[in-house]
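Open the model in your viewer and have the selection tool ready. We will walk from one stop to the next.

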Amino acid sequence: MHASLLTDALLKGQRRLAKLAPKQRKALLTALTRNEKGNMAEAISELRERVESGRLLYGTPGADVSETFDNIWDMYIGGGVQEELDALFPDEEQEDARSGLHDEVRTVYSRLFTAMAKQDGILASRR
């Protein structure tokens, strides 16, 4: 397995995530890294095979990356993130914070997945 591609650059602009208490922030970032090395790495491998074989599902590597991310978020990652956020913000009054943070975490996951695709050459520019 490769080292994590999760960098400060991928976290940039995510204000709610930055304001979390250190313990809460660490829990979410640990989940990010765990998914990067699990579900996301598996999806990247499958994407690479599709690109190399020319059997893209959505016509272009960029479209395949985008749709594949949406699929793994919906099927594997999003529910776990929601559970984590529900545990961090159990009160109904905290729904706005939970919802906003959910969107930020999804953005970071998407950036991370795109970085992984670039690293594996799936989104490399063709010359």
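**Stop one: H3 against H4**

Select Gln 24, Ala 27, Leu 28, Asn 35, Asn 39, Met 40, Ala 43, Leu 47, Arg 50 and Val 51 in H3, and you will find them meeting Pro 61, Asp 64, Val 65, Thr 68, Ile 72, Tyr 76, Ile 77, Glu 84, Leu 85 and Leu 88 in H4. Contact here means heavy atoms within 4.5 Å, and helices are DSSP runs of H or I with at least four residues, numbered from the N terminus. Sorted by class, the residues of this contact are 13 nonpolar, 4 polar and 3 charged. Nonpolar covers Ala, Val, Leu, Ile, Met, Phe, Trp, Tyr, Cys and Pro, charged covers Asp, Glu, Lys and Arg, and the others, Gly among them, are polar.

A word on what you are viewing: this is a predicted model, where local features need pLDDT of at least 70 and side-chain atom pairs count only at pLDDT 80 or more, while totals for chains, interfaces and linings use all residues. Residues are numbered from 1 along each chain as its sequence is written, and side-chain values use heavy atoms, leaving out hydrogens and water.

Now show both helices whole. H3 and H4 (residues 61-88) pack at about 155 degrees, with axes 10 Å apart; axes are lines fitted to C-alpha atoms, for helices over the stretch in contact, and angles run from 0 to 180 degrees between N-to-C directions. The pair is therefore roughly antiparallel, the term for angles over 145 degrees; under 35 is roughly parallel, 65 to 115 roughly perpendicular, and the rest oblique.

**Stop two: along H3**

Select residues 22-53. At 1.5 Å a residue, the 32 residues of H3 should span 46 Å, and the end C-alpha atoms are 44 Å apart, which agrees. The expected span is 1.5 Å times one less than the number of residues. After H3 comes Gly 54, with a positive phi near 80 degrees.

**Stop three: H3 against H5**

The axes of H3 and H5 come within 10 Å and cross at roughly 45 degrees, which makes H3 oblique to H5. This contact has 16 nonpolar, 1 polar and 1 charged residues.

**Last stop: Leu 5**

Finally, select Leu 5, in the segment before helix H1 (8-11). What does Leu 5 touch, not counting residues up to four places away in sequence? Its partners are Leu 10, Glu 36, Leu 112, Ala 115, Met 116 and Gln 119.

Note on methods: Helices (H or I, at least four residues) and strands (E, at least two) are DSSP runs, numbered from the N terminus.
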